[in-house]
Amino acid sequence: MKILIVDDDEVARMALSINLGAAPVEIVQACDGQQAWEMLTGGLRPSICCSDVAMPRMDGIELMQRARAHPVLRHIPFVLISSAASRETVEAAAAGGVAGYILKPFMAVQTRATVDRVIHERRVAQAEHFLVTRRRLDVGLDQLEQLLCVLKADAGSWVEDSASAEVEAAARGLQRLQGASAVLGLWHCASMLQQAQDSGSAADRVQIVQEVVQRVDEQLTEVRQLSPSAR
Amino acid sequence: MTAGADLPPRPAPQGGEGDRPPAQPSAAGAVFDRDAVTERFLGNASLFGRAAQVFLRQAGDALPQIEAGLASGDLGAARRQAHLLRGSALTMGANRLAQLCQQVELASDGAVPAPAWAVQARSALEGFVRESHVI
């Protein structure tokens, strides 16, 4: 799991990294909103973004607003961390769907509790726990793993074929992927695939299905991390 | 506590002429807020020491710039530097220095005399170094 920390204050980034960087979390740092945006559009997919508000080049509110307008990045939860909060800032943060707000100087306990809460909420909203899926489908973990592998491969093929596929065939493919995602408890993937069918450009649809491949892969990793004895 | 040495204990009060005044008892104005830093850095002196080195470098760059901004009437530049330094100071528990930075952030033209402010800010930074044992 990756956490993106965005702050122009190196000391704050260090202190936050110490508090949030316990294994297996990987901390990624950006020194302002612009650098964070370049990382995100370059493919970085953090589970959460903890961002300062006032920064040069691009502030935390603009970073969050840009993410919200992006077909894939819109789902990244933001926790804003600031030493001061004007009414305008709080209103803009709320309008952008901020998931948490922490005042500087932050306290370790409160910061970890807020970040843990947001990550938990994201997990619950994104996918059913794979053990619940296994029970619901009445399959073994090996079978569930196989089903996830098939979904991942299908989504990968859809991306590869997207440039040459006919419009109707591509739409049917999206529908199939959406149905399989829902069956496998990948709520967020199903929702993104619905969004891809409803609107967006061809490029957005490809980006969304690429994101689905990554999310299915994350679920596969979780399934595989369960010890063989627990299976 | 996590791995690494604990933060150093609070220094014993010193007497005698010429000694520096003791830190203010209130955490809000303390030259070093040990309790907050212990919580924020999980009690790990090594991690705190690394952050403190960065902070001292930042403060060493920012203080002359703030002083110059105040002296020349470029309050905008002084405020920007003061805002940045205040954030770092609060994270490091250098609350007295953070208060002085806030004075600059909130000041109107000419309200903060540069030489007096610089003396107080350097004293606050020295107090932080002395009490936090970072050097």
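## Strands S3 and S4 of chain A

In this predicted model, strand S3 (residues 48-52) of chain A runs parallel to S4(A), and four bridges join the two; strands are taken as DSSP runs (E, at least two residues) numbered from the N terminus, and two of them pair if DSSP finds at least two bridges between them. Cys50(A) has Val79(A) as its bridge partner in S4(A).

Strand S4 (residues 78-82) of chain A is largely enclosed by the rest of the structure, because five of its five residues are buried (under 20% relative accessible area, 1.4 Å probe, protein chains only). Phe78(A), Leu80(A) and Ser82(A) point one way from S4(A), whereas Val79(A) and Ile81(A) point the other way. In a regular strand, side chains alternate between the two faces of the sheet.

## Interface of chains A and B

Chain A contributes 17 residues to the contact and chain B contributes 19 residues, with contact meaning heavy atoms within 4.5 Å. About 1,600 Å² is buried between the chains, 65% of it from carbon and sulfur atoms; this is the accessible area (1.4 Å probe) that the two parts lose on being put together, summed over both.

One salt bridge is found across the interface (a side-chain nitrogen of Lys or Arg within 4 Å of a carboxyl oxygen of Asp or Glu). It joins the side chains of Glu10(A) and Arg57(B), at 3.0 Å from N to O.

## Basis of the values

Residues are numbered from 1 along each chain as its sequence is written, and chains are lettered from A in the order in which they are written. Local features need pLDDT of at least 70, side-chain atom pairs count only at pLDDT 80 or more, and totals for chains, interfaces and linings use all residues, while side-chain values use heavy atoms, without hydrogens and water.

How values were computed:
Buried means under 20% relative accessible area, exposed over 50%, partly exposed in between (1.4 Å probe, protein chains only).
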